[in-house]
Amino acid sequence: MEFLVGNAKLKLIKGDITDVDADAIVNAANSTLLGGGGVDAAIHRKGGPKILEECKRMRATEWPDGLPTGCAVITSGGNLKARHVIHTVGPIWHGGFHEEAKLLKQAYRSSLKLAVANGLKTVAFPSISTGAYGYPVEEASRTAVDAVKDFLEKEDNLQKVIFVLFSERDFEVYLKAAKT
Ligand code: AR6
């Protein structure tokens, strides 16, 4: 399913983000940048050790205390089809009154800004925070879609943003958010 937002395409697909051919795929990482479960594990497994090496280097230099929630960093894509991985940290859901929406929006915006700063044109996102971090998918989908649409309406530099949803249910929820 595809929508036009500004001059860019917003696309939704159901699938595995590690198979997606894009300038960058986004990793729903944690602040250690050293891996974890879910989509993070899948990206490191398929992408190979080069990605982790680059993450370790960033921890040793720019981010000795870890990457704060809402921020993003970029590495190469290792053995993935995608040329780069943008690692961002979404918020952990604590009931909705702890700036979760603001931080989730920031995670999407930081990732998109970093893509533009690196001259990238196509970026794919998973559903950040809605797995291990417990963010309810309906709420997250609205914030995610709003953040991306908002960015694309103001920025001319991206060609395509893809949401890659891992389940049929998540796909339907994001589709509903994209249509409204
Ligand atoms: N492709 C696309 N989406 C996927 C894939 C995949 N291969 N695998 C899982 N998902 P999660 P979070 C979906 O838990 O909630 C990790 O341990 C999954 O179904 O990966 O941001 C990190 O290291 C869900 O819809 O990320 C952090 O510690 C979505 O991706 C923590 O989990 C996000 O689920 C981050 O938690």
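Ligand site and a salt bridge

In this predicted model, a nitrogen atom of the ligand lies 2.9 Å from a backbone N or O atom of Ile 17, a polar contact (a pair of N or O atoms within 3.5 Å). An oxygen atom of the ligand is 2.8 Å from a backbone N or O atom of Val 39, and a polar backbone atom of Tyr 133 lies 3.1 Å from an oxygen atom of the ligand. Taken alone the ligand exposes 700 Å², of which the protein buries 88% (Shrake-Rupley areas, 1.4 Å probe).

The shell around the ligand holds 22 residues, and those that come nearest are Gly 37, Asp 40, Ser 129, Gly 131 and Ala 132; a residue belongs here if one of its heavy atoms lies within 4 Å of the molecule. Nine of the shell residues are nonpolar, 10 polar and three charged, with Gly counted as polar. Helices are DSSP runs of H or I with at least four residues, strands runs of E with at least two.

Side chains of opposite charge can pair when their charged atoms come close. The model has eight salt bridges (a side-chain nitrogen of Lys or Arg within 4 Å of a carboxyl oxygen of Asp or Glu). One of them joins Asp 23 and Arg 83, at 2.9 Å from N to O. Asp 23 lies in the loop between β2 (8–14) and β3, and Arg 83 in the loop between β4 (72–76) and β5 (84–89), 60 residues apart.

Residues are numbered from 1 along each chain as its sequence is written, and side-chain values use heavy atoms, without hydrogens and water. Local features need pLDDT of at least 70 and side-chain atom pairs 80 or more, while totals for chains, interfaces and linings use all residues.

How values were computed
A polar contact is a pair of N or O atoms within 3.5 Å; within protein, one must be able to donate a hydrogen and the other to accept it, and residues adjacent in sequence count only if both atoms are side-chain atoms.
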